[in-house]
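I opened the model and kept short notes. Here is what I looked up, entry by entry.

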Amino acid sequence: MNDPVLGIDLGGSSIKAGAVVPATGELFGELESVPTPQPATPAAVEAALAGLASRIPAARGPVGFAFPAVVTQGRARTAANVDRAWIGTDGAALVARATGRAAWFLNDADAAGLAEMRLGAGRGERGTVLMLTFGTGIGSALFVDGRLWPNTELGHLQLPDALGEAELHASARVRAERGLGFEAWAQRVNLVLAEFQRLLWPDVIVVGGGVSERWEEFAPHLRSEARLVPARLRQNAGVVGAALYALESHAAGR
Ligand code: BGC
């Protein structure tokens, strides 16, 4: 089945959606987006998704929705950077109502990681691969021999020396808010990578999120015992991963 599948990715500033060709991860048509409603309550997001999905008529079959929170049994469990009303919300049911299709709901970094493992920088990698997304927060997705361990939430790890949570120290938002240059920011990221290494010993770390578009500028300053590679699907990874997850879950009858 190679009909394009709808993937949706909710971020701090925009909700992106696209019709994803499953075999290649390419988009059929344009990536569409709308500003994330403020506050991004479930009701406001549901209304925004209905409008967004109607702009992508080429997509067929199920829909995948990537969301920046822990997701278990189809429900959001945390709300670090989103409206607290999401906690307990059945995201799949919300998307199904907004789009009129069967829907699947997952963490945004897990979605981006799935896309990179299947079609991008992690393709064919065995062993332990850690995908990190640097954006409003720091998202993480952990894979062992290609299988996902969902909801790892490493962005909330407490750093040593009372430096606080990893994502409050080294997300892309922190870089922007503090006006840090890439070298100064990379030093913060290195501290975070060292903590992740100490605990998980990944063989490969895939560096993603919007900031990965500027990989050449900060990569020379990054240090890690793991092999560091830039995400390939860049800003589309969440959308692509959400679509792949929906298709695979639908096919598996989950
Ligand atoms: C959330 C994660 C999310 C990450 C990136 C964190 O604040 O807790 O669930 O994956 O941000 O959006």
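**Entry 1: Arginine 60**

I started with arginine 60, which is in contact with Asp3, Pro4, Val5 and Arg101, leaving aside its neighbours within four places in sequence. Contact here means heavy atoms within 4.5 Å. This is a predicted model: local features need pLDDT of at least 70, side-chain atom pairs count only at pLDDT 80 or more, and totals for chains, interfaces and linings use all residues. Residues are numbered from 1 along each chain as its sequence is written, and side-chain values use heavy atoms, with hydrogens and water left out.

I then placed arginine 60 in the loop between α1 and β4 (63–67). Helices (H or I, at least four residues) and strands (E, at least two) are DSSP runs, numbered from the N terminus. Arginine 60 and proline 4 sit 56 residues apart in sequence, yet 6.0 Å apart in space, C-alpha to C-alpha. The side chain of arginine 60 also reaches the backbone oxygen of proline 57, at 3.2 Å.

Is arginine 60 buried, partly exposed or exposed? I found a relative accessible area of 43%, so arginine 60 is partly exposed. The cut-offs are under 20% for buried and over 50% for exposed, with partly exposed in between (1.4 Å probe, protein chains only).

**Entry 2: Asparagine 107**

Next I looked up asparagine 107, in strand β7 (residues 103–107). Asparagine 107 is buried, with a relative accessible area of 5%. A polar atom of its side chain lies 3.0 Å from the backbone nitrogen of alanine 109. Not counting residues up to four places away in sequence, asparagine 107 touches Phe67, Pro68, Ala69, Val70, Val71, Ser140, Asn151 and Glu153.

Helix α4 (residues 166–170) holds alanine 170. I checked burial for both. Alanine 170 has a relative accessible area of 0%, so it is buried. Histidine 169 is buried at 10%.

Which residues do they touch, leaving aside those within four places in sequence? For alanine 170 I listed Phe134, Ile138, Trp185, Arg188, Val189 and Val192. For histidine 169 I listed Leu159, Leu163, Val174, Arg188 and Leu191.

Two packed helices are described by the angle between their axes and the distance between the axes. Axes are lines fitted to C-alpha atoms, for helices over the stretch in contact, and angles run from 0 to 180 degrees between N-to-C directions.

Helix α1 (residues 42–54) packs with helix α2 (residues 91–99) at about 45°, with axes 8 Å apart. That makes α1 oblique to α2. Pro42, Glu46, Leu49, Ala50 and Ala53 of α1 make the contact with Leu94, Val95, Arg97, Ala98 and Thr99 of α2.

**Entry 3: α3 against α8**

At what angle do helix α3 (residues 108–119) and helix α8 (residues 237–252) pack? I read about 80°, with the axes 7 Å apart. α3 and α8 are therefore roughly perpendicular to each other. Angles under 35 degrees count as roughly parallel, over 145 as roughly antiparallel, 65 to 115 as roughly perpendicular and the rest as oblique.

Among the residues that meet are Ala111 and Leu114 in α3, and Val240 and Tyr245 in α8.

Definitions and conventions:
A polar contact is a pair of N or O atoms within 3.5 Å; within protein, one must be able to donate a hydrogen and the other to accept it, and residues adjacent in sequence count only if both atoms are side-chain atoms.
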